[in-house]
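Biologist: Could you walk me through a new model? I would like to learn how to read its strands and its surface.

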Amino acid sequence: EVSVAPQDIQRSWSLGFELREPMHGRQDDVLGLAFGANTSHDDALDEELVYEAYYRRFFNDKFSASLHAQGMSHPGGDPAEDQVTALGLRLQFLF
């Protein structure tokens with residue numbers, strides 16, 4: 001018999017897309033969105049929902065910046081944890 005830890009994922013799915021030129025005149029910019037869920041083997045744990053959104057702005061062929069928002073509800077399936085959110089800024093310089 002195989003032992004299964006409560007936090008082991010029984011089912012997982014995700015869906016995402018990337019939109020190029022999300023605004024007229026910004027042909028190199030990119031908008032991305034993703035959403036997913038993880039379900040545990042343990043029925044006492046909630047479904048863990050995850051999401052991500054980002055916008056990447058190209059200023060020229062050597063420099064771009066992107067804003068990121070990532071979040072998770074019920075991290076680890078813990079019903080006592082509501083929401084975790086992380087915001088980030090990524091800068092890319094090409095030499």
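This is a predicted model: local features need pLDDT of at least 70, side-chain atom pairs count only at pLDDT 80 or more; totals for chains, interfaces and linings use all residues.

Biologist: How many bridges link strand β2 and strand β3?

Modeller: Strands (E, at least two residues) are DSSP runs numbered from the N terminus, and two of them pair if DSSP finds at least two bridges between them. Here β2 (residues 30-40) and β3 (residues 48-60) are antiparallel, with nine bridges. Antiparallel pairing also joins β3 to β4 (residues 63-73), over 11 bridges. Those two strands form a hairpin with two residues between them, and Leu49 is opposite Ser73 in β4.

Biologist: Is Phe95 buried or exposed?

Modeller: Buried means under 20% relative accessible area, exposed over 50%, and partly exposed in between (1.4 Å probe, protein chains only). Phe95 is exposed, at 94%, and lies in the segment after β5.

Biologist: What is the overall pattern along the sequence?

Modeller: The protein reads β-β-β-β-β. Its radius of gyration, taken over C-alpha atoms, is 18 Å, well over the 12 Å that the globule rule gives for 95 residues, so the protein is more spread out than a compact globule. That rule is 2.2 Å times the number of residues to the power 0.38. Buried residues make up 18% of the 95.

Key:
Residues are numbered from 1 along each chain as its sequence is written. Side-chain values use heavy atoms; hydrogens and water are left out. Helices (H or I, at least four residues) and strands (E, at least two) are DSSP runs, numbered from the N terminus.
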